[in-house]
Amino acid sequence: MKKLIYFAVVMITIVVMLPLTIVKGCGPSYAPKPHEKEIAVPELEQKKITVYNPSLERIDEMVLDEYIKGVLAAEMPADFSLEALKAQAVAARTFAYGRMTGVYKAKQDTHEGADICTNSAHCQAWMSKEAAKKKWSALFAARNWAKIERAVKETSEMIVVYQGSIANTLFHASSCGKTENAEEVWSGVSVPYLRSVESDGEEASRGYITTISLEIEQMIEKLSETFPENSFSEDMLEGIKIMDYTTGGRVKTILVGDVTMKGTQFRTLFGLRSSCFTLRLEDEKLEITTTGHGHGVGMSQWGADSLAKKGGTYIEILKHYYTGVDIVSIQHYENVK
Ligand SMILES: [Zn+2]
């Protein structure tokens, strides 16, 4: 019996184990070699961005699409339609890639050497997954983050180009029925894809129409600081006058006392939500009613959501707000540039 067991063990070793040893020894190994691991992950997924967080005074290196998730969480309400979130992901990726490649450098380098910062007024807003989940409350946190991940994944690597060059994909919360020609907001060269276009369905946005009331003393103080050469009197309100409007329906120039200033400058001076405004004199005060929120150039986020709700795809949304552009992968852009 012992002999029989011994014979069986020997036979199993010869019939089963030996061929396996031979195959393993002579044939190709299925364990990935180091260089195969590198090939298995597409190169573009490895693209990294350095992000300066001014509030923490820290620079973090992140995979580009991981960074884009944080931008989506910070820049657009997660309950927006998926196609609107996808359009935002592509716009945010394009902006970030423009910064990374140095095509669109920040006017002042306040990044401590990083590609981009988390200040929305300077670059674009960003928040960590943890911060986003706190913002959303436990009930929606998992669902919202999953939606953001899907929007980023389904547009991975896609960017906006105009005639083969990376587009400057500016965006804003809501316009006032029309977006704005770039050169009418910022003096300088006109940008062929940042043109005034119709933007519907923004009325649902919070504070779409907002009225503020300015005391005359407040106004005089601000104006005197900004224009020390000029004098402003208490009866100047009677002379305040909107002179003309931009293509997108915003105030182009306004006369205040004896100073003619741009509507955008008036907006900055008095902290208005947009330069699309009307004026009304009321009991020694100036009532200013604004429509929309932001500079009005490029993609309107609320307009994008409205287009998505009507069945528009992210590509259709981007092509609506950025005139004459193409949506391509980063790899395609790098191959043909
Ligand atoms: Zn910045």
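## Burial and the chain as a whole

A residue is buried if 20 or more other C-beta atoms lie within 10 Å of its own, exposed if 12 or fewer, and partly exposed in between, with C-beta atoms placed from the backbone. Glutamate 157 has 19 C-beta neighbours inside 10 Å, so it counts as partly exposed. This is a predicted model: local features need pLDDT of at least 70, side-chain atom pairs count only at pLDDT 80 or more, and totals for chains, interfaces and linings use all residues. Residues are numbered from 1 along each chain as its sequence is written.

The chain has 337 residues, and 36% of them count as buried. Its secondary structure comes to 12 helices and 14 strands. These are DSSP runs numbered from the N terminus: helices are H or I with at least four residues, strands are E with at least two. Two residues are in contact if their C-beta atoms, placed from the backbone, lie within 7 Å. Of the contacts in the chain with a separation of 6 or more, 67% join residues 24 or more positions apart.

## A three-stranded sheet

Three strands form an open sheet in the order β5-β4-β14, and the pairing is antiparallel. Two strands pair if DSSP finds at least two bridges between them. β4 (residues 158-162) and β14 share four bridges. Isoleucine 159 stands opposite valine 328 in β14.

Helix α4 (residues 82-100) packs on this sheet and touches β4, β5 and β14. The direction of α4 makes about 70° with that of β4. Axes are lines fitted to C-alpha atoms, for helices over the stretch in contact, and angles run from 0 to 180 degrees between N-to-C directions.

Glutamate 157 lies in the loop between α6 (138-153) and β4. The C-alpha atoms of glutamate 157 and tyrosine 97 are separated by 10.0 Å, though the two are 60 residues apart along the chain.

## Two nonpolar cores

In soluble globular proteins, nonpolar side chains tend to be buried together. A nonpolar core here is a set of buried Ala, Val, Leu, Ile, Met, Phe, Trp, Tyr and Cys residues joined through C-beta atoms within 7 Å. Which residues of the largest nonpolar core touch the most other members? They are Leu72, Val90, Val160 and Leu318, out of 56 residues. Helix α4 gives the most to this core, with 10 residues. A second, separate core has 10 residues, including Met219, Phe266, Leu272 and Cys276.

Valine 160 has contacts from several parts of the sequence, not counting residues up to four places away; among them are Val90, Ala91, Thr94, Leu318, Tyr322 and Ile327.

## Helix α10 and its partners

Eight of the nine residues of α10 are buried, so this helix is largely enclosed by the rest of the structure. Trp302, Gly303 and Leu307 are among the buried ones. The buried residues of α10 pack against α4, β6 (171-172), β13 (299-300) and α11. Glycine 311 follows α10 and has a positive phi, near 105°.

The axes of α4 and α10 (residues 301-309) come within 7 Å and cross at roughly 135°. That makes α4 oblique to α10. Angles under 35 degrees count as roughly parallel, over 145 as roughly antiparallel, 65 to 115 as roughly perpendicular and the rest as oblique. Glu83, Ala84, Ala87 and Gln88 of α4 meet Gln301, Ala304, Asp305 and Ala308 of α10.

Helix α11 (residues 314-321) packs with α10 at an angle of about 135°, with the axes 10 Å apart. These two helices are therefore oblique to each other. The contact is made by Ala304, Leu307 and Ala308 of α10 and Glu316, Ile317 and His320 of α11.

## A hairpin and a loop residue

β9 (residues 251-256) and β10 (residues 259-262) pair in the antiparallel sense over four bridges. They form a hairpin with two residues between them. Glycine 257, in the turn, has a positive phi of about 60°. Isoleucine 254 stands opposite methionine 261 in β10.

Where is isoleucine 240? This residue lies in the loop between α8 (216-226) and β8 (241-245). With 15 C-beta neighbours inside 10 Å, isoleucine 240 counts as partly exposed. Leaving aside neighbours within four places in sequence, isoleucine 240 is in contact with Leu255, Val256, Leu279 and Leu286.
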